[in-house]
Amino acid sequence: MSSSACTDKGPGEAPEERRFLSTSEAAALERELLDEYRFGRLQLVELCGHASAVAVTKAFPLPSLSRKQRTVLVVCGPEQNGAVGLACARHLRVFEYQPSIFCPVRSADALHRDLTTQCEKMDIPFLSFLPAEVRLIDDAYGLVVDAVLGPGVRPAEAGGPCARALATLKRLSIPLVSLDVPSGWDAEAGGDAQDAVQPDVLVSFAAPKSCAGRFSGRHHFVAGRFVPEDVRRKFGLRLPEYTGTDCVAAL
């Protein structure tokens with residue numbers, strides 16, 4: 001494992017506990033779940049998508065919202081974060097929110113196609129374009145879920161449509177919920193005003209990434225209850241306590 005936090009210890013010695021994961025550690029943890037524990041990719045996407053929707057319900061409880069505030073725009077990119085966004089939208093519909101979906105780039109990946117079909121079968125509308133006039137989005141929706149880019153993906157690398165979508169999301173007045181890493185942020189260093197969104201809510205998957213130390217929004221949730229205890233110890237994670245049967249915990 002490339003991170004010194006996990007390699008500088010002697011045999012049988014656990015790493016020092018910490019709250020944040022580097023990019024290499026996050027990738028190694030995911031490989032551990034996929035290769036050693038035989039989690040499937042769909043399984044992890046579903047767990048994170050469900051937990052993301054639950055985090056939305058905790059930050060924006062349905063009984064406290066007007067009919068207009070229950071409308072949620074979920075913006076899904078072509079990578080794994082976008083797949084989580086699709087699963088999140090489906091669960092939000094089950095929780096009686098009113099999601100719509102916009103995909104700046106449609107993915108040919110089979111997982112994306114299956115999740116898209118599920119959303120379509122549940123009559124979740126897909127937008128053909130994202131209005132460039134931010135006021136139209138602010139007026140139509142109560143909040144937006146940012147599932148455009150994942151860790152390590154910069155807007156320029158994702159292509160023009162994703163970069164244009166992020167340029168619009170940066171100017172919203174309504175609350176923004178980012179999944180795992182706010183789109184455009186460097187997973188290690190964080191984001192700046194030039195190329196990154198500034199979310200009100202962050203939902204970290206498995207454990208917060210290093211950039212989460214720079215998050216200054218209203219709510220930060222961890223969706224990591226699926227991480228086995230010995231994996232938590234191996235990576236030295238100090239995860240929060242979960243209440244009852246909750247699948248997310250507030251930091």
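User: Contact means heavy atoms within 4.5 Å. Leaving aside its neighbours within four places in sequence, which residues is S52 in contact with?

Analyst: Happy to start there! This is a predicted model, in which local features need pLDDT of at least 70, side-chain atom pairs count only at pLDDT 80 or more, and totals for chains, interfaces and linings use all residues. Residues are numbered from 1 along each chain as its sequence is written, and side-chain values use heavy atoms, without hydrogens and water. Once those neighbours are set aside, the partners of S52 are V84, C88, L179, V203 and F205.

User: Is S52 buried or exposed?

Analyst: S52 sits in helix α3, which covers residues 41-59. A residue is buried under 20% relative accessible area, exposed over 50% and partly exposed in between, using a 1.4 Å probe and protein chains only. S52 has a relative accessibility of 0%, so it counts as buried.

User: How many helices and strands does the protein chain have?

Analyst: Both are DSSP runs numbered from the N terminus: helices are H or I with at least four residues, strands are E with at least two. By that rule, the protein chain has nine helices and eight strands.

User: Which residue has its backbone oxygen 2.8 Å from a polar atom of the T116 side chain?

Analyst: T116 belongs to helix α5, residues 110-121, and it counts as buried because its relative accessibility is 11%. Its contacts, not counting residues up to four places away in sequence, are L86, R106 and F126. The backbone oxygen 2.8 Å from a polar atom of its side chain comes from H112.

User: How many disulfides does the structure hold?

Analyst: A disulfide is a covalent bond between the sulfur atoms of two cysteines. Here it is counted when a pair of cysteine sulfur atoms lies within 2.5 Å. The number in this structure is zero.

User: What share of the residues in the protein chain is buried?

Analyst: Let's look at the whole chain. It has 251 residues. The buried ones make up 52%.

Key. A polar contact is a pair of N or O atoms within 3.5 Å; within protein, one must be able to donate a hydrogen and the other to accept it, and residues adjacent in sequence count only if both atoms are side-chain atoms.
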